[in-house]
Amino acid sequence: MWRYLAGGGAGLAAIGAGVVLWSMREAPSAALPPQPAATAGGEAEAALPDEVPEATAQTREARRFGRYDKDRDGTVTREEYLAARRKAFAKLDTNGDGRLSFDEWAVKAEAKFAAADSDHSGGMSPDEFATTAVKRKPSSRHGCPPERREDGGA
C-alpha cells in the first residue's frame with residue numbers, strides 16, 4: 001500500500017514541477033531586431049545591431065533539408081538521403097569490389113598508428129600515444145570558456 005502512496009506522491013511532485021517550469025518559460029524573442037528609427041534626412045540609419053541574431057532551429061533545419069533535396073522537388077527520397085553514405089563508402093572501398101574489408105575500413109587508424117610508432121617497436125609509449133590525440137579546432141563561441149592570458153588573468 002505504501003508503494004502506491006509513494007508513487008502517487010512522486011507523480012504529484014512531477015506534475016507540480018512541470019507546472020512551475022511551464023510558468024517560468026520565457027516569451028519567444030523576436031527573430032529580427034527592431035527597425036532603426038528614421039534620421040532627419042528621412043533615411044533609416046545604416047547602423048548594425050550590437051549582436052547578430054542566431055539562426056532559429058527552423059532555418060537550420062530548412063538548410064539541412066535543402067542539402068539533402070538534390071533535385072529541389074520538396075521531397076527527400078531514399079536515394080538522396082543515402083547519397084552521402086554511398087560517397088563515404090566508395091571512398092573507403094579502395095579496391096571497388098563493393099565490399100568493405102577490415103583493412104579498407106581501418107586504413108586511417110593503421111596509418112595513424114604507424115606514424116605515431118616512431119621507434120617502429122610495434123607498440124606506443126605514452127609520449128608516442130599522446131601524438132594520436134584528436135586535434136580540436138578552436139571554439140567559435142566567444143569567451144566560453146574565457147581564454148587564459150600570459151599574465152595569469154582570465
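**Charges on a predicted model**

Let's start with one pair. Glu61 and Arg64 join their side chains in a salt bridge, at 3.0 Å from N to O. By salt bridge I mean a side-chain nitrogen of Lys or Arg within 4 Å of a carboxyl oxygen of Asp or Glu. Side chains of opposite charge can pair when their charged atoms come close.

Some ground rules. This is a predicted model, where local features need pLDDT of at least 70, side-chain atom pairs count only at pLDDT 80 or more, and totals for chains, interfaces and linings use all residues. Residues are numbered from 1 along each chain as its sequence is written, and side-chain values use heavy atoms, leaving out hydrogens and water.

How confident is the predictor? pLDDT is its confidence in each residue, from 0 to 100. The chain averages 79, and 75% of the residues score at least 70. Confidence is lowest in helix 1, residues 2–23, with a mean of 83. It is highest in helix 3, residues 78–92, at 90. Helices here are DSSP runs (H or I, at least four residues), numbered from the N terminus.

Back to our pair. Glu61 and Arg64 sit three residues apart in helix 2, so about one helical turn separates them. The cut-offs: buried is under 20% relative accessible area, exposed is over 50%, and partly exposed lies in between (1.4 Å probe, protein chains only).

How many salt bridges does the whole structure hold? Three. Glu79 bridges to Arg78, with the closest N and O atoms 3.7 Å apart. Glu79 also meets Arg86, at 3.5 Å from N to O. That links Arg78, Glu79 and Arg86 in a network. Arg78 is exposed, at 58%. Glu79 is partly exposed, at 45%. Arg86 is partly exposed as well, at 44%.

A patch of positive charge lies on the surface, and its members include Arg60, Arg63, Arg67 and Lys108. Patch residues have over 30% relative accessible area and no salt bridge, with like charges joined within 9 Å. Lys and Arg count as positive.

Which helix gives the most? Helix 2 does, with three residues. Helix 2, residues 57–68, and helix 3 each supply at least two. Lys108 is in helix 5, residues 107–116. Lys108 counts as exposed, at 70% relative accessibility.

Methods. pLDDT is the predictor's confidence in each residue, from 0 to 100. Patches are made of residues with over 30% relative accessible area and no salt bridge: like charges are joined within 9 Å, nonpolar side chains (Val, Leu, Ile, Met, Phe, Trp, Tyr) within 5 Å. Accessible areas come from the Shrake-Rupley method with a 1.4 Å probe; for residues, only the protein chains shown count as cover. The place of a charge is taken as NZ of Lys, CZ of Arg, CG of Asp or CD of Glu.
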